[in-house]
Amino acid sequence: MRTRAAVSAALASAGILIAGWQSGVHIADTSSAVASAATGTAGSTGTGTDDSTASSGSSGAGTTGATGTTGASAKAVGTYAGSVVQTRFGSVQVQITVQAGKITDVTALQLTDAERKSVQISNRAAPLLRDEVLQAQSANVQTISGATVTSDAYLNSLQAALDAANL
């Protein structure tokens, strides 16, 4: 009986270590996806196993508008699409509209839709995230409770769009 308990404890510990290791790999994948989206190149798609994290992939950040001048100090004007971020509940992509260097609109081009519950969560979280982003004028906002995966993916895509707009 004690042997079974010891083996179970060892397996549980190994599982926790592996989950932590995979979360660390996820963070590196997300950073590289955001960095590659800012440069307009495609990144790789990862798959996460942790319920509270979103795996990200990049299809490249594109612009449908243009800035009047180039450089980071230029006042951005136009519409910028963030990278497509893959989660276990579906894809998330955000687009921003910029006028005179300020975010004037945030539109969710894709939201998680793998299940009916995912759609409900996305429909609840997206307007709240939009309002927070417009108020903060950055991706530095709190995630929505109960919509962690969607919030993280939304904010990762948003950051890629902000990077594309040099904001």
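Colleague: Is Ser 122 buried or exposed?

Modeller: Let's start with the ground rules. This is a predicted model, in which local features need pLDDT of at least 70, side-chain atom pairs count only at pLDDT 80 or more, and totals for chains, interfaces and linings use all residues. Residues are numbered from 1 along each chain as its sequence is written, and side-chain values use heavy atoms, leaving out hydrogens and water. Now the general idea: buried means under 20% relative accessible area, exposed means over 50%, and partly exposed is in between (1.4 Å probe, protein chains only). Ser 122 has 1% relative accessibility, so this residue counts as buried.

Colleague: Which residues does Ser 122 touch?

Modeller: A contact means heavy atoms within 4.5 Å. Leaving aside residues up to four places away in sequence, Ser 122 touches Leu 111, Thr 112, Pro 127 and Thr 150. Ser 122 itself is found in helix H2.

Colleague: How many helices and strands does the protein chain have?

Modeller: Helices (H or I, at least four residues) and strands (E, at least two) are DSSP runs, numbered from the N terminus. Here there are three helices and five strands. Read from the N terminus on, their order is α-β-β-β-β-β-α-α.

Colleague: At what angle do H2 and H3 pack?

Modeller: Two packed helices are described by the angle between their axes and the distance between the axes. Axes are lines fitted to C-alpha atoms, for helices over the stretch in contact, and angles run from 0 to 180 degrees between N-to-C directions. In this model, helix H2 (residues 116-136) and helix H3 (residues 148-164) pack at about 45°, and their axes are 10 Å apart. That makes H2 oblique to H3. As for the words, angles under 35 degrees are roughly parallel, over 145 roughly antiparallel, 65 to 115 roughly perpendicular, and the rest oblique.

Colleague: Which residues of H2 meet H3?

Modeller: From H2 come Ile 121, Ser 122, Ala 126, Leu 129, Arg 130 and Val 133, and they meet Thr 150, Ser 151, Tyr 154, Leu 155 and Leu 158 in H3. By class, this contact has seven nonpolar, three polar and one charged residues. The classes work like this: Ala, Val, Leu, Ile, Met, Phe, Trp, Tyr, Cys and Pro are nonpolar, Asp, Glu, Lys and Arg are charged, and the others, Gly among them, are polar.

Colleague: How many salt bridges are there?

Modeller: A salt bridge is a side-chain nitrogen of Lys or Arg within 4 Å of a carboxyl oxygen of Asp or Glu. By this rule there are two. One joins the side chains of Arg 130 and Asp 105 (2.8 Å, N to O). Arg 130 lies in helix H2 and Asp 105 in strand S5 (residues 102-110), so the pair ties together parts that are 25 residues apart in sequence. Asp 131 also forms a salt bridge with Arg 130, with the closest N and O atoms 3.8 Å apart. Shared partners join Asp 105, Arg 130 and Asp 131 into one network.

Colleague: What is the relative accessible area of Arg 130?

Modeller: For Arg 130 the value is 29%, which is partly exposed. Asp 105, at 24%, is partly exposed, and Asp 131 is partly exposed at 45%. Lys 117, in helix H2, counts as exposed at 53%.
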